[in-house]
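Work through the exercises below with the structure at hand. Try each task before reading its solution.

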Amino acid sequence: MTWPGITINQVNQLQGRINEVERTLLFIGHAAGDTDETLVALNSQSDIDDALALASDKLRDNVTAAQLNGGQNWQAYTLIMPAGADNDAFVAAVRDVQSVISVEGVVVLREPDVLAKRAEILAWNNLRTEITNKYGRWIWFIVSMPGPTSD
């Protein structure tokens with residue numbers, strides 16, 4: 001390796017929207033208390049605790065981990081849902097924000113962890129198919145569920 005090395009970065013200085021779908025995620029989870037639905041754009045310089053002050057600890061912790069592992073060019077969106085929102089509200093919210101943002105994947109973090117029913121999993125699969133057909137881009141979902149129990 002030669003010395004000195006040069007690294008060129010395209011820095012997001014919040015002067016416009018995120019232009020690429022690749023490596024851009026949407027995290028969706030509940031709020032810690034009563035609040036309206038809130039969409040937040042984040043990057044590697046964002047103060048997660050400040051930007052996601054309304055979010056639940058689970059959502060904030062997962063976004064912080066993603067930021068720390070994402071490196072210097074990390075970027076994402078977070079959709080904070082009202083505290084009582086159910087799976088249907090989550091699906092509808094992700095559908096609605098597609099007209100505003102484009103992402104490669106969606107990470108669904110519901111509070112509390114509930115074992116997803118077949119209909120809920122099918123709703124996410126149907127949304128993935130709908131987005132792929134309507135916008136002509138692939139998208140994937142990670143839906144959190146509780147771990148196995150000893151019962």
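**Exercise 1.** Decide whether Glu130 is buried, partly exposed or exposed, and find the residue with which Glu130 forms a salt bridge.

*Solution.* Step 1: recall the classes: buried means under 20% relative accessible area, exposed over 50%, and partly exposed in between, with a 1.4 Å probe and only protein chains counted. Step 2: Glu130 has 32% relative accessibility, so Glu130 is partly exposed. Step 3: a salt bridge needs a side-chain nitrogen of Lys or Arg within 4 Å of a carboxyl oxygen of Asp or Glu. Glu130 meets this with Arg95, the closest N and O atoms being 2.9 Å apart. Step 4: the two residues come from distant parts of the chain, Glu130 from helix 4 (residues 118–135) and Arg95 from helix 3, 35 residues apart. Arg95 is also partly exposed, at 35%.

Two notes apply to every exercise. The model is predicted, and local features need pLDDT of at least 70, side-chain atom pairs count only at pLDDT 80 or more, and totals for chains, interfaces and linings use all residues. Residues are numbered from 1 along each chain as its sequence is written, and side-chain values use heavy atoms, with hydrogens and water left out.

**Exercise 2.** State how many salt bridges a search of the whole structure finds, and describe the one between Asp57 and Arg60.

*Solution.* Step 1: the search finds three. Step 2: in the pair Asp57 and Arg60, the closest N and O atoms are 2.9 Å apart. Step 3: both residues are in helix 2, three residues apart, so about one helical turn separates them. An α-helix has 3.6 residues a turn, so residues three or four places apart point the same way. Step 4: Asp57 is exposed at 52%, whereas Arg60 is buried at 14%. Step 5: another salt bridge joins Glu120 and Arg110, with the closest N and O atoms 3.5 Å apart. Glu120 lies in helix 4 and Arg110 in the loop between strand 4 and helix 4, ten residues apart. Both Glu120 and Arg110 are buried.

**Exercise 3.** Give the strand order of the open sheet, and explain which strands stand at the edges.

*Solution.* Step 1: helices (H or I, at least four residues) and strands (E, at least two) are DSSP runs, numbered from the N terminus. Two strands pair if DSSP finds at least two bridges between them. Step 2: the five strands are ordered 2-3-1-4-5, with mixed pairing. Step 3: strand 2 (38–43) and strand 5 (140–143) each have a single partner strand, so one side of each has no neighbour in the sheet. Step 4: inside the sheet, strand 1 (residues 24–30) and strand 3 (residues 75–81) pair in the parallel sense over seven bridges. One example is Leu26, whose bridge partner in strand 3 is Tyr77.

**Exercise 4.** Check the length of helix 2, and list its buried residues with what covers them.

*Solution.* Step 1: the expected span is 1.5 Å times one less than the number of residues. For the 14 residues of helix 2 this gives 20 Å, and the end C-alpha atoms are 20 Å apart, so the two agree. Step 2: the buried residues are Lys58, Leu59, Arg60, Val63, Ala66 and Gln67. Step 3: their cover includes strand 1, strand 2, helix 1 (48–51), strand 3 and strand 4, where contact means heavy atoms within 4.5 Å. Step 4: after helix 2 comes Gly71, which has a positive phi near 85°.
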